[in-house]
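My entries follow the structure shown here.

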Amino acid sequence: MHVHVKSADGRAKFDISPNGIVLIYNKGMKMKDIKCAEMVLEENKELAISKWNEYFGSSMTEEEE
């Protein structure tokens, strides 16, 4: 699954899986904001996956997670 993050300076897209957080792209966000977003996403990874599954359904297989 992935999430989009916005700041005053730009936007970024992150891939989230139980194995970790991966930056897919960054369009103008400052590195300090990217690092902050990664930290928040890592701290809330299980919640994000759970809410994604509630909203979209449990279509993620174990391999995709």
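I began with the pairing of strands, and found that strand 1 and strand 2 pair in the antiparallel sense over five bridges. Strands here are DSSP runs of E with at least two residues, helices are runs of H or I with at least four, and both are numbered from the N terminus; two strands pair if DSSP finds at least two bridges between them. I noted that His2 has Asp15 in strand 2 as its bridge partner.

The model is predicted, so I kept in mind that local features need pLDDT of at least 70 and side-chain atom pairs pLDDT 80 or more, while totals for chains, interfaces and linings use all residues. Residues are numbered from 1 along each chain as its sequence is written, and side-chain values use heavy atoms, without hydrogens and water.

I then looked up the whole sheet: it is open, with three strands in the order 1-2-3 and antiparallel pairing. Strand 1 and strand 3 are at the edges with a single partner strand each, so one side of each lacks a neighbour in the sheet.

Next I asked which residues of helix 1 are buried. They are Ile34, Ala37 and Leu41, where buried means under 20% relative accessible area and exposed over 50%, partly exposed lying in between (1.4 Å probe, protein chains only). The face turned away from the buried side of helix 1 carries exposed Lys32 and Glu43.

I finally recorded that the buried residues of helix 1 pack against strand 1, strand 2, strand 3 and helix 2, contact meaning heavy atoms within 4.5 Å.
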